[in-house]
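Good morning, everyone. Please have a look at the model on the screen, and I'll take you through a few parts of it.

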Amino acid sequence: MAQAASLLSLREQIRRIEGVGASMVGGRKGDVRVPLGLPEIDRALPWGGLPSAGVHELISGATKADLFDGAAVGFAVFLLSKFAAANRAVLWCRQKNRGFDRLYGPGLQSLGLPPNRLVVVKAADDKEALWAMEEGLRSAGVAAVLGEVGKLDLTASRRLQLASEAGDTAGLLLRPPQKTLAASSVLTRWRIEGVQAGGEIPTTAWEVELLRCRYRSAGHAQRWRVEENHETGAFFVAADLCHRPVEEGPIRATG
Amino acid sequence: MSGGLRVISVDALARASGVVPGVTLADGRALEPNLGAIDFDGPGDAEALEKLAAWGRRYTPWSGVDDSFERPPDGCGDLWLDISGCGHLFGGESALLEDLLMRLERNHIAARAAIADTPGAAWAMARFGGGGLPPTKAARQSGERSPRACVATERSPREWALENTILPPNRLRSYLEPLPVLALRLPGPTVEALSKVGLRRIGDLIPLPRAPLAKRFGPELAKRLDQALGSRSEPLSPQAPPVDFIARIAFPECIAQREDIEGTLERLLEILCKQLEKSGLGARKLTLRCDRVDGGRQHLHVGTGHPARKPSHLLRLFREKLDTVEPGFGIEAMVLSAPFTNPMEGQQDDMEGAAQQNGQGAAELVDRLSNKLGNAKVIRLTPQASHIPECASREAPAMEATPANEPAWESLAKPAPRPIKLLTNPVPIEVLASVPDGPPVRFKWQGQHHRIVSAQGPERIAPEWWHLEAGHPDQTTRDYFQVELQDGRRLWLFREGLYRPDNPPRWYVQGVFG
């Protein structure tokens, strides 16, 4: 009993030392949480939503990247719409050579992101996209920054995390399908795959898996099926797909 | 004369068809069925004249809009330029006049100009010299005394016969004598009274004694006559030149280090921003000029989307570009100027107003990104009222201000679903669908087959009929389907054209859903 208590207090100390995300859990900083509006997922996150600062990685779950891949982007737009809710702007760093497409205002609008709050940067390559992301994160002028980045190493993700803390801005990294997951210092890591909604008409439906989350509390599911209600346009969690209790113990190594 | 739309001013082509100022538009259209009509815009014309006067400053610092004569609106305007001492800079007075008229003509501003010793004479020659043609000419004056020039311009975009006149000094009388009395800038009733007694030309008036003239027709007549002939002076006040925002620092010993350059820039920015604040303006464009010891000059330019006068923000915009400065043997002076400014209200730098701060933060971020990457690479999405899907959403540089008449996104929302990404060029695919207009069942793309699990549609989007040419009106009609594939992806397909047995329609993928 005493051991569990001292472990808890040790964990708290480490969280406080480690900075953002940790401070959010402890409630020390002027913490602002952005709830996703999906109670099952919000419960699984230690912050009850996404924190206002910190970087999250969204990985596409498609078998291979091609022109018709939209699920991860859709989920990213959904997350952005939550950050843009309080009449704040969001920044999207796209890459010109990636895909032969452009963002379409009416579609973004139907997912809940007002296009007039969006600023898009058309970067030439990963380096420019990362630079623009860092500028955006550090500036504190936008609520969130979404960047499409192909290759990301530990140093780059660390830089983004520091910039995010400095500017109190959330960062989202949209990655193409990955065979192996490299180490990175992001707060959460998700894999998103589009799935059949199974209805008469096409409806947005994703399988969202939380691969990794720092400071996660124990015992919650990590894979959900998120669908859109066709009439209202609101999203809801249709099913909990994987329930795996996480054992209490020393803080697991990140990975 | 009954009411109705009346023609105020015509161009040469209309005049040739018989349409003259004063007729009603209906009569004009009867004379010339293809008559094009533009609404008279008094304030707009006045503003344009002011801008022309500012442009006229390229010839002389003394230029302005002429408002010495009240007359009913006739689509024309007068400008004058005092070109004393400026003629030789352009290769002589006639060369100056030619240059002026040529530039006006190139910009589709019909004008006539004249040069004379007095503004009165210049005005008269410009409007009435060359006999027979309708008014508006400029007059210029040359001589030992202050030469001046009047430029009268018309706002009509068509061409007039261009004439120019240069009055030699001391020959005013002989040029003015044949001109009608109207050329003296007299009010209508005076002109009528004069014509009743047979005084129709300026030449008739000159020999008459002044005192009875003034007594009978008012002091205005004598004044104008004297002004035209030069016995009474007529001072003209020029348009106020725009305020220049400029700050300059020269060094007793040249500098070459990057920190010194940046430090000087910081001081220059503080001086300039104070100037801007006093005038209630913010900078939209700033230019830094570094003068080197060897005579070389370097310019750095920075632009902002919204007017700015925060030194720290502007310094950051410059910092990216300071690396490109080559000091050479040393920089001896640095000059910072704001060539383009906009009005800006008071800024609360230290207030916590969250919304304003965030708006400002986002604007400053856009400035930084645009200055580093280029305006075309930092964009926002603008809505357009169009049925054609690819036209409904457009990309515009984020630095540009939102136009006032831009529709709101909410007002253009469509009930049917729309994709989040649109392919720049629709991708052709081979589709299996039930004829004639059933939903697609499977399609093949890049050698791969995809099975369609469910589909919604069709949503028919016909081309905007007012843009259609005669021919095959239904060939570019599109029937859109939102489809869901077996692997969970959702796409936006369309069939182009209606089904014909001999010419199967083509299918394309245009968008990707989330």
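I'll talk about chain B, then a helix, then the cores, then some backbone angles. Keep in mind that this is a predicted model.

Chain B first. It has 14 helices and 18 strands. The chain has 514 residues, and buried ones make up 45% of them. Now look at contacts between residues with a separation of 6 or more. In chain B, 60% of these join residues 24 or more positions apart. What about the surface? Chain B exposes about 26,400 Å². Carbon and sulfur atoms supply 53% of that area.

Next, a helix in chain A. This is α6, residues 126–139. An α-helix has 3.6 residues a turn, so residues three or four places apart point the same way. After α6(A) comes A140(A), whose phi is positive, near 65°.

Now the cores. In soluble globular proteins, nonpolar side chains tend to be buried together. Which residues have the most contacts inside the largest nonpolar core? They are W92(A) and W190(A), in a core of 50 residues. Helix α4 of chain A, residues 71–83, gives this core its largest share, ten residues.

Let's go back to W92(A). Leaving out residues up to four places away in sequence, W92(A) touches V73(A), V77(A) and L80(A), among others. Its partners also include L103(A), L118(A), L146(A) and E148(A).

Last, the backbone angles. Most residues other than glycine have a negative phi. Here are two residues with a positive one. D168(A) has a phi near 55°. Where is D168(A)? It sits in the loop between α7 (154–167) and β8 (170–175) of chain A. D168(A) is partly exposed, with a relative accessible area of 38%. Then there is Q446(B), with a phi of about 50°. Its place is the loop between β14 (440–445) and β15 (448–461) of chain B. Is Q446(B) buried or exposed? It is exposed, because its relative accessible area is 65%, and exposed means over 50%.

Note on methods. Residues numbered from 1 in each chain as written. Chains lettered and ligands numbered in written order. Predicted model: local features only at pLDDT ≥ 70, side-chain atom pairs only at ≥ 80, totals over all residues. Heavy atoms only, no water. Helix = DSSP H or I, 4+ residues; strand = E, 2+ residues; numbered from the N terminus. Expected span 1.5 Å × (residues − 1). Buried < 20%, exposed > 50% of the residue type's maximum accessible area, 1.4 Å probe, protein only. Contact = heavy atoms within 4.5 Å. Areas by Shrake-Rupley, 256 points an atom, 1.4 Å probe, with all protein chains shown as cover. Core = buried A, V, L, I, M, F, W, Y, C linked by side-chain atoms within 4.5 Å.
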